[in-house]
2 protein chains.
Amino acid sequence: MKERKFSVIGKPLPKIDAMAKCAGETLYADDLFFSRMIYAKLLRSPHPHARLRSISTERAAGLDGVYAVITGKDLPEKFGIMPSTQDEEALAVEKVRYVGDPVAAVAASSETLAEKALELIDVDYEVLKSVLSIEEALTEVDNRIHSWNRYANVQKAVSLEFGDMEKGFEGADHIYEDTFFFQGNTHLPMEQYCTIAFSGPDGKLSVWSSTQTPHYLHRTLSKVLGLPMSRIRVVATPVGGGFGGKSDPFSHELSVAKLSMTTGRPVKITLTREESFYVHRGRHPVKMWIKTGVKNDGTLQAMHFRSFLDGGGYSSYGLASVYYTGALQTVTYKLPAYKFEGARVFTNKPPCGPKRGHGTPQPRFAVEVQLDEIAEKLGIDPIDLRLKQLVEPNSETVNGLRISTTGLRECIEKVAAKAEWKKKFRQLPFGRGIGFAASAYISGAGLPIYWNEMPQSGVQIKLDRGGGITIFCGSTDIGQGSDSILAFAVAEEFGVDPADVRVVTGDTDLTPVDLGSYSSRVTVMTGNATIQACGKLKEMLYQVAGEVLEVPSDDLEMAEGQVRSISYPARGISFVECVQKAEAKFGTLGATGSYSPPKHPANYKGSGVGPTTAYSFSTSIVELACDGETGDIKIDKVWIAHDCGRAFNPLLVEGQTEGSVYMALGEVLMEEQVFRKSGLHKIPSMLEYKSPTTLETPEIETILVETNDPEGPFGAKEAGQGPLLPVIPAVANAVYDAVGVRIHEIPITGDKILRALEGRLKPVSVPSFEFPPPVKWQPGKGAEVPQKS
Amino acid sequence: MKERKFSVIGKPLPKIDAMAKCAGETLYADDLFFSRMIYAKLLRSPHPHARLRSISTERAAGLDGVYAVITGKDLPEKFGIMPSTQDEEALAVEKVRYVGDPVAAVAASSETLAEKALELIDVDYEVLKSVLSIEEALTEVDNRIHSWNRYANVQKAVSLEFGDMEKGFEGADHIYEDTFFFQGNTHLPMEQYCTIAFSGPDGKLSVWSSTQTPHYLHRTLSKVLGLPMSRIRVVATPVGGGFGGKSDPFSHELSVAKLSMTTGRPVKITLTREESFYVHRGRHPVKMWIKTGVKNDGTLQAMHFRSFLDGGGYSSYGLASVYYTGALQTVTYKLPAYKFEGARVFTNKPPCGPKRGHGTPQPRFAVEVQLDEIAEKLGIDPIDLRLKQLVEPNSETVNGLRISTTGLRECIEKVAAKAEWKKKFRQLPFGRGIGFAASAYISGAGLPIYWNEMPQSGVQIKLDRGGGITIFCGSTDIGQGSDSILAFAVAEEFGVDPADVRVVTGDTDLTPVDLGSYSSRVTVMTGNATIQACGKLKEMLYQVAGEVLEVPSDDLEMAEGQVRSISYPARGISFVECVQKAEAKFGTLGATGSYSPPKHPANYKGSGVGPTTAYSFSTSIVELACDGETGDIKIDKVWIAHDCGRAFNPLLVEGQTEGSVYMALGEVLMEEQVFRKSGLHKIPSMLEYKSPTTLETPEIETILVETNDPEGPFGAKEAGQGPLLPVIPAVANAVYDAVGVRIHEIPITGDKILRALEGRLKPVSVPSFEFPPPVKWQPGKGAEVPQKS
């Protein structure tokens, strides 16, 4: 088949909202003001774990300028992002489970007054013993944070086995066991959380919120407030950074909605930066144990992987997070046998959730560092060790994941060549090092978070007789450029300028459901839905153009604002004229499109987080200097290659890739969410938390490897998350190359390097825990579920 | 066929925006504020007719706080609502044609400063002789307001002949000739004109305006500004009354758009009440001559009708207005022969355009008063005279208009019974009188104003899996309740509560094209488009429900939030569940619908203003007191019967009917646009112009006569304009019944009655004018166009 010629796709066009953002015209949630608007604040627990004896709001409610005070009894309905873990309350009803857990909400004429009112709320807490670590969570058998959890504070424990583990380890020449720890960290978007709710005089509720998932917020508001979804409108305002942190429905969103219903006024809440550190739902701290069997030549025989996730006080996306820590180990290198055991525990800390890479950067760190060590032990170049056993295109992994296209080999070869790997590896002087790692990531999940039987994305398109095209879609632009992606797809399909496309997204009243901006799903899912909708309209336009031009439909194309003959391009009519003629013939022109990924054969529980339309692949080489005296690391350069399928827009893919590198460097070198024994965050401010600035950001060389994925829109796969993954282990491997110590803990800080150099860095301890007997799954045979004893 | 049972249609439900309006939450254009917004003012000509020698804007532009000053040279492209009369300029280029004609526009940091800047613009006018009356317009052969008009200041002269006029008059026992004058008046909505424009940093222009016709504004902005329609968004803000006065694209709309493009800032203009009196586009002053032949028994034999419209300085909808003064005389009573001659002239006064009833209240006044006189002369009760010759259902008039349903007879009989006509007519004491009149009106025009080959209305619908339904439509709610009509239609079709329906209208980016809120077209046109779109979706829902319920599709209905078996109503699933299942089966659920009226056989030029889906019929009886000493009139009671087809919502129809009566009383008793020799409006303020207040508004008894029109949505016809028509002649006829004088001039003021009582009221003079030879049209034979000599 002849390669399609694109006029928009693949071009480095600016984002459609670029000018508005540069000019300061974009209105974020906190930029919105409504007449008669009042302001809310939440009273948050100072205790990590306590029972609520009583709350007295009379004094606060009596303050002049206070419009309403609500507590847990006003919003008792539990909620949660995942159907089986509905364990949150908008405002705590019986217990608080972390410092920052909200117990009351106030609406007042100003933020200052609302804060003053908070001080007048009297809460009688019965302080309970708190559970602050994974180990405590597993051993505090009778001190349960949630009454419903299975054993001690284990929210979920899972065990899955694929292939013949026994045979795998038996056939191995060497078996390596290692432990790792990846500390938690947060998303740190520039825009804090902000929501405005207005319950109108007609009884309908409108909520404007900085959210990645307006549809999930929509249904949660309905559940908690007891209003039909048809009476609620959620508008996702432009998101000033999300990275997963705005994917849950939040207490503050539900509280302002209730406060507006109580007062009849628009109610706004903007969380402080300190609150944002507590509210975040960021990266889980994960302890990992990994046992890998290899042949003398480095061929992988079997891997047994165990993860313990410190979930914090509530479930959030935790169920998916557990599975994610086990799902993608198989996607880069051929692995004939694989066993995964994972557990997520509750602790009295802010709940963790999805952050860029959702559950996969932690195991990828462990796997890639261990492989680097194995290669060294076997005396093989770590890149060569990988190259000999890469997953193949159109193959299926032992855990049933279908790999369509892969540019992994090209990614490896390109970074190696650009970085002059062969010249540098193990040949740089002490204090300078180079490290490599590879990874894979999903392009959206195969199953939505709830209900199998619904499209993951839907769009509706309207053609105007003036030539304007409007696309309506529930997706949200969180800065990643998904609005632009929609415009580019529509422009490509109709052969018009992206400026002729108006994109309306993230408004549950106006737009069809899209599940939201997470899991790197938008480009692929809404892209495919968009192409489907365009196709329905193009059929009509081609019919009309064919009649007018006397050209068979299959010889027609849309390009340069024309509908024209492919064979005789001079024979054409303008797009606008064609639309008008089609409207005359068919009536008002509009169409819907939707997309659900193909059904996948991996049918075991939890398989939904693995299957996707396609896997992206990333490789990174990091060159750095590590000061042997201070342990200080200075990254000199990062080479990053990313197989994004077709680069929808290379400028955007590069931006996503560089953003991923930047975020990975923050995680690997400095960022961590750390808590005192009192449950208080140690560093809840941007000054102390630290995150790389431009000064700490090295030169990044981005190499886009374009495969043409058959399931992706125009061949696209994901770009927003995957490139974060290899950078973290590549830094760890480069540190070893520089100073000869292996750091198995993220972040890799100077003091850890010094302690390691001095032999004082203790190995990571991983708790012992009796996992349930594994579900065994074989391709074609299905799952063998162990009998409950 | 069994009569369909309705659950929403026919119910007196409140308007969907009622609560928001009552609570003051509705945001009209002037309620909108944008950051960095600046304010515009227009410099208007103080001369009725002058040539522009030069305009100097330097001093104004130099004033601190002035952002831009523009003149005609910045917007030279001519425009006009009708394709063949593009005679307006946003700002005058060579000439000004009425006092108030804009010559320059200023944008400044405040309205006050903008006004100050206007004073600093120096305009050098060459004052020309002005043309201020119909007579002057016809005789000032060489003093042409527009260079392009055909003869003197005649914009358009038309002559049409139907049936055998010669035979008609020959067969008549009596021939009556009369002259009439209907003075011009204005719409006087509570909300003045207001527009905000913002040319964003991405080069796209958004315009928020209080307009009845966002689509026409859209294309006019494109033409005048030279921007593609795809880069312009027009949002019709909630209109605080239009009545036809906000149907044109206006200078102020184009000027603020240009000012925003010049300054990069949002620019707002709100016209003062005085400006609104000049800008208005209201009722044409019309002089009429009517010659009618009747048999001794009152049977109409032939009618020759002539109208002269005083158009003011520009064409506006004038071309349609001329035809409208001649089109509907045939629609109430059988008329075997009819000739119409009409001319619209330019004068140096503010241009006239469409006002409620557009061109038909004036001739209806003449016809109904003359019939009253004929009945008296023949000694026949005027109601009996009419009853014997009413048009029949499913008939065609001599000028080719198709009458489907008519409730005219019932309307007559019901008002007569309610008002106790037989007991009162000619039997009330001197000073008290009763009068009757009847009328007909269109339900939207058969042809759009431009382009035959397009739907007149289009809608797009989206179903949300939460049960919410959104309908997108380009129509505008001008207070008449069209948004509610859409919600009711959707709710009826899907068997849900109107509160589950979100209505998005009048936004060229979001909504399919609807031609606008004029010609009483919205209920019928968008109603039909809505039913079509709903039908497409219902088909899918019925298919799914049929499978689930095991019920054949033709035994299914949607009602009470259920999709259920008609035979066994207990067998059903909820609408929400059905939507979810249909979404799983078919993908994202949305559909378009559109409507074009059936093609009509009357194919002569100008026939487009007559054909419609259906005619509404109205009758009115007015009982009043007229003081023989002062001429003062006090209306005691108005009975109004209106055949609206099916009453979509009786509360809304009654509201429209009562509003029509109120407006008719203003027109017949007090309101007039009158100008000094200088071209200045005599009374451009609400204090002096006068309009009935609640104190002058009598008891109104509204009788809805429901026919079930086959072409109407759920059987509906129009309601918004028709009921105005009979009230005016009914008052005139009641005045005669009270004090014995015939007043042939509107408004009927006390001084005219006194002059008439004293024999000093001069008959209306109608100018002589040589009309072109008539186009003769016969049903089935087509038009016979006279050869040009």
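Chain A of this predicted model contains 20 helices and 31 strands, counted as DSSP runs (H or I, at least four residues, for helices; E, at least two, for strands) and numbered from the N terminus. Its radius of gyration, 27 Å, is close to the 28 Å that the globule rule gives for 789 residues, so chain A is as compact as a globular protein of that length; the radius is taken over C-alpha atoms, and the rule is 2.2 Å times the number of residues to the power 0.38. Of the residues of chain A, 69% are buried (under 20% relative accessible area, 1.4 Å probe, protein chains only).

| Interface of chain B and chain A | Value |
|---|---|
| Residues from chain B in contact (heavy atoms within 4.5 Å) | 56 residues |
| Residues from chain A in contact | 56 residues |
| Area buried (accessible area lost, 1.4 Å probe, summed over both) | about 4,200 Å² |
| Salt bridges (Lys or Arg side-chain nitrogen within 4 Å of an Asp or Glu carboxyl oxygen) | six salt bridges |

Carbon and sulfur atoms give 52% of the buried area. B:Pro201, B:Arg465 and B:Thr588 supply 15% of what chain B buries against chain A, more than any other three residues. One salt bridge joins B:Arg502 to A:Asp509, with the closest N and O atoms 3.0 Å apart. Elements of chain B that each supply at least two residues to the side touching chain A include helix 6 (214-225) and strand 21 (501-505). Strand 19 of chain B gives the most, with six residues.

Residues are numbered from 1 along each chain as its sequence is written, and chains are lettered from A and ligands numbered from 1 in the order written. Local features need pLDDT of at least 70, side-chain atom pairs count only at pLDDT 80 or more, totals for chains, interfaces and linings use all residues, and side-chain values use heavy atoms, leaving out hydrogens and water.

Terms used: Buried area is the accessible area (1.4 Å probe) that two parts lose on being put together, summed over both. Buried means under 20% relative accessible area, exposed over 50%, partly exposed in between (1.4 Å probe, protein chains only).
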